[in-house]
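This report looks at selected side-chain pairings and at one helix packing, moving from charged pairs to a loop residue and then to the helices.

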Amino acid sequence: MKPDQITHVESVRLSDDGRAVRILDQSRLPNETVYLELSEPEALYEAIHSLRVRGAPAIGIFAGYAMYVLALRSQATNLPDFVEECRGYRDYLNASRPTAVNLRHMLDRMLAAAESLPCMDVDSVKDVMRQAALAIHREDIAMCRAISRYGLSLVKDGDGILTHCNAGPLATSRYGTALGPLFLAKEEGITLHAWCDETRPLLQGARLTAYELQQAGIDCTLICDNMASIVMKEGKINACFVGCDRVARNGDTANKIGTSGVAILARHYGIPFYVLGPSSSIDFSCPDGDHIPIELRDGEEIKSKFFLQPSSLPEVRCYNPAFDVTDHDLITAIVTERGICYPPFSESLAALFGRKSSD
């Protein structure tokens, strides 16, 4: 495959008739390719909660389109009633996944678009919301390319990259965040080898990351999560690239469960550990990782999902946090579309975004 022949999968977009959100159902990959068109509030909520759409940037894009699609349902004839209805949709969708800050940011952005035009009629405000949703999508494409470029500057031809969970085109709009440098490298004829953690219990690394890389012709090897240590010890890993669902003001980072363990291993073996994500994932209102809410999911995901028969007895209790928090001391750098931040993150993040470190 030539570098310029990579196909970018479109995981989220507005439907052709403009009245539904069209998604690639990630819960069915890699064995089935199924697209869904969603417009009912319950279906939109369920798509986020059940991980049919997942990845912080993709959830943000989905949130923008979902708010617009739900706004089209409104029969309100005056703006105050319409805005109040939109506020209810915002709160409803925001409850679907509490950890991913992009969801809240983009829902708030869409609501702000509705609230910002008090003198316009309802139909005109709906059109403004449509333009806002499309802008979120366009901005994400540009963001992904910028992050990919910065991330690619941190590695060299022939490097081995350890990935965890999925932060490629399926989780974003194009290229991805943590996987973006691998896709950009492929386009530019640079050889990188990905070692993909399977990412238990939902197997995003096995089902999605390995799928995307293989489809793009990028060299990759799938490993169980507990094999990361030996692969590092054998010298196969030159850098770890992971995404993020929320970054606290001090640089503590929430990402898919198992990420903090990868960071601890990387520190032990002297391997740089990079977090790649959009600025919308940075929550300056959150002082540190202790203040990031961690979503707890059904324990059956551990015992029975993806198994023909349960792997444990029904009466065995399960603890299934969807995310963990990686301490800022374990992170080599945080890569955003605006640039690369190095420790101390409380200062570098604030400087990059024009804030005081105490804000």
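Predicted model: local features only at pLDDT ≥ 70, side-chain atom pairs only at ≥ 80, totals over all residues.

Arg246 and Asp283 are joined through their side chains by a salt bridge, with an N to O distance of 3.1 Å.

Are the two partners buried or exposed? Arg246 has a relative accessible area of 7%, which is under 20%, and therefore counts as buried. Asp283 is likewise classed as buried because its relative accessible area is 3%.

## Other charged pairs

The search of the whole structure returns 21 salt bridges, among them one between Arg297 and Glu295, whose closest N and O atoms lie 2.7 Å apart. Both residues of this pair are buried: Arg297 has a relative accessible area of 14%, and Glu295 has one of 5%. Elsewhere, salt bridges with shared partners connect Asp25, Arg28, Glu32, Glu46 and Arg52 into one network.

## A serine in a loop

Ser279 is found in the loop that runs between strand 10 (273–276) and strand 11 (282–283). Although it is a loop residue, Ser279 counts as buried because its relative accessibility is 18%, a value under the 20% cut-off.

The side chain of Ser279 makes a polar contact of 2.5 Å with that of Glu337. When neighbours within four places in sequence are set aside, the residues in contact with Ser279 are Glu337, Arg338 and Phe353.

## Packing of helices 3 and 4

Helix 3 (residues 79–94) packs with helix 4 (residues 101–115) at an angle of about 180 degrees, and their axes are 10 Å apart. Because of this angle, helix 3 is roughly antiparallel to helix 4.

On the side of helix 3, the contact involves Phe82, Val83, Cys86, Arg87, Arg90, Leu93 and Asn94, which meet Leu103, Arg104, Leu107, Asp108, Leu111, Ala114 and Glu115 of helix 4. Taken by residue class, this contact comprises eight nonpolar, one polar and five charged residues.

Key
Residues numbered from 1 in each chain as written. Heavy atoms only, no water. Axes fitted to C-alpha atoms, helices over the stretch in contact; angles between N-to-C directions. Helix = DSSP H or I, 4+ residues; strand = E, 2+ residues; numbered from the N terminus. Parallel < 35°, antiparallel > 145°, perpendicular 65-115°, else oblique. Contact = heavy atoms within 4.5 Å. Nonpolar A, V, L, I, M, F, W, Y, C, P; charged D, E, K, R; others polar. Buried < 20%, exposed > 50% of the residue type's maximum accessible area, 1.4 Å probe, protein only. Polar contact = N/O pair within 3.5 Å; in protein donor to acceptor, adjacent residues only side chain to side chain. Salt bridge = Lys/Arg side-chain N within 4 Å of Asp/Glu carboxyl O.
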